[in-house]
Amino acid sequence: MAVEAVGEREREPGVLARLGTRVLEVLQILGEASELFVACVRASAFAPVDRQRVLAQMVRVGTDTLSIGALLSLFVGLVLVVQSADQLRDVNEGVLGPIVGLAMTKELGPVMMAFLLAGRAGSAMAAELGSMAVYDEINALRTMDIDPVRFLAMPRFVAATLCLPLLILYSDFIGVAGGAAVIGLDPAIKISVNEYFARMLEWVHFTDVIVGLVKGLVFGMIASVVPCTFGFRTHGGTEGIATSTTAAVVWSFILILVFDFLIVRASFSF
Amino acid sequence: MADTRDSRRQGVAVELTGVRKRYGGQAVLRGVDLRVEPGELLAIVGQSGTGKSVLLRQIIGLETPDAGRIVVGGVELPRYLATSPEEKPFRIAMVFQSAALLASLTVGENVALRLRERRRHDEAQIREIVARVLDQVELAGTEDKYPSQLSGGMRKRVAIARALAVDPELILYDEPTADLDPILTQQIGELIRRIKTEQGDTQVIVTHNLALARAIADRIAVLDAGRIVECKPPAELGKDGHTLTREFIRAAAFGIPGGA
């Protein structure tokens, strides 16, 4: 009897089956995100008509990230100078300006702000759309012939894509200013604030700022499309919303880092 | 247009032939054949999990059946869905079980949503339509409230007002009285009946509340194991009927919630 019962029981999937299922799920998410990206780009043609919704999302993105972004950038600028100055004390403190300038404009500003946008505004997008999906609000839009992509995803996509480059400039400015403040106030650092800025301007070129802004555009798209994708595919009540929100943030972070590498690699090809 | 509708106009017919739907390995609809006459109020009853809501989702096009045909108002559903909103010959609205009001919008904005998105009415017309349909569901003056400020019964009525605002020829209701007390259930039932009397729209209600179905419907269809096993006027239901129908009627007589 016992043998029969085991025989009748459905077989547990093996390691390969589980791995295969996971790979298929990842591919499906990437496919859905790509599809949503294309749909958002197409729907962006309606952004001028739907400017109220786009502006509302820009305000939300701004209020979600401005204050904490300032705090983060300031302390990163401060730490960068303190840490580097300690290492460079016996070598050349003159490179502090270029270090802070290049690090902020090309890497830290874009990645920090993108993480912040994905973590704050992106998680809110996933949770909000996830809740709408679970409670049939997105289906209600469909039954009213209202395109959920144009109504919900496109304003978030446009807002994040436009706001992130601006947030990066804001972060660069505060980070660099934070570094200058340490140099001006810390007697252990021998170079002057003027020298800090002079050397920075010598080393940081306009193209470096442009690379940071291009990253901002791409990361803005990722930090909105990924959360919207997870929001739309949410199911399973409040637990499903929590799962989607977490997954949206994790996926956004990973894709931001992957695209960061690709953009850096591409920028060295020119 | 909602503000110029002909009050004597009838709704549209709905015809389902051999509709099948399967999720993974589980067949939910196993060949549903059903015809709803223009202007008819049809209730679909059945136990929880028998595919009642799934059936509604096929009729409004939220999901596509694996097999079978759905014809609404003489138009094949896929062709209707592919038609642009401006060129659709009639409108279908759905009232969801959760009401599905957008939490970030006020009652007035929810009701006016489709009208504003279509941009075919000016603001004065939209405000007039919103006021009229809210009055129709006895919620006049609630335009500026948010859904979170309303009771469950009020939210359901706002959802019905949102459906009415687009002047539909067919309204589908998914468990419109779920989670409501008997008094609110009666109010919603009377409202749905009044819509039939005053406007002549075709209405399809999915419910497990047999008492409500018997009180308001022209005919009741019983869905069991993915098939319609009986479809009769309320007075004839149960006579030489299907076992499930008899069980439903017995449960209603016994006073079990949902059946009473």
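Two strands count as paired if DSSP finds at least two bridges between them. With that in hand, B:R20 stands opposite B:A67 in β4(B). Keep in mind that this is a predicted model.

**The sheet in chain B**
- Strand β1 (residues 14-23) and strand β4 (residues 67-72) of chain B run antiparallel, and 5 bridges join them.

**The nonpolar cores**
- The largest nonpolar core takes in 122 residues, and the ones with the most contacts inside it are A:L117, B:A161, B:A165 and B:L172.
- Helix α4 (residues 96-134) of chain A gives the most to this core: 13 residues.
- Another core, of 18 residues, lies apart from that one, and its members include A:V76, A:V100, A:M104 and A:V176.
- What does B:L172 touch, leaving aside its neighbours within four places in sequence? Its contacts are B:L56, B:I59, B:I60, B:I92, B:M94 and B:V204.

**A helix crossing in chain A**
- Helix α2 (residues 15-43) and helix α8 (residues 206-232) of chain A have axes that come within 9 Å and cross at roughly 115°.
- The crossing of α2(A) and α8(A) is right-handed.
- On the α2(A) side, the contact includes A:I29, A:E32 and A:F37, while α8(A) brings in residues including A:M221, A:V225 and A:T229.
- Sorted by type, the residues of this contact are 9 nonpolar, 1 polar and 1 charged.

How values were computed: Residues numbered from 1 in each chain as written. Chains lettered and ligands numbered in written order. Predicted model: local features only at pLDDT ≥ 70, side-chain atom pairs only at ≥ 80, totals over all residues. Core = buried A, V, L, I, M, F, W, Y, C linked by C-beta atoms within 7 Å. Buried ≥ 20, exposed ≤ 12 C-beta atoms within 10 Å, placed from the backbone. Helix = DSSP H or I, 4+ residues; strand = E, 2+ residues; numbered from the N terminus. Contact = placed C-beta atoms within 7 Å. Axes fitted to C-alpha atoms, helices over the stretch in contact; angles between N-to-C directions. Left-handed = near helix turned anticlockwise from the far one by under 90°. Nonpolar A, V, L, I, M, F, W, Y, C, P; charged D, E, K, R; others polar.
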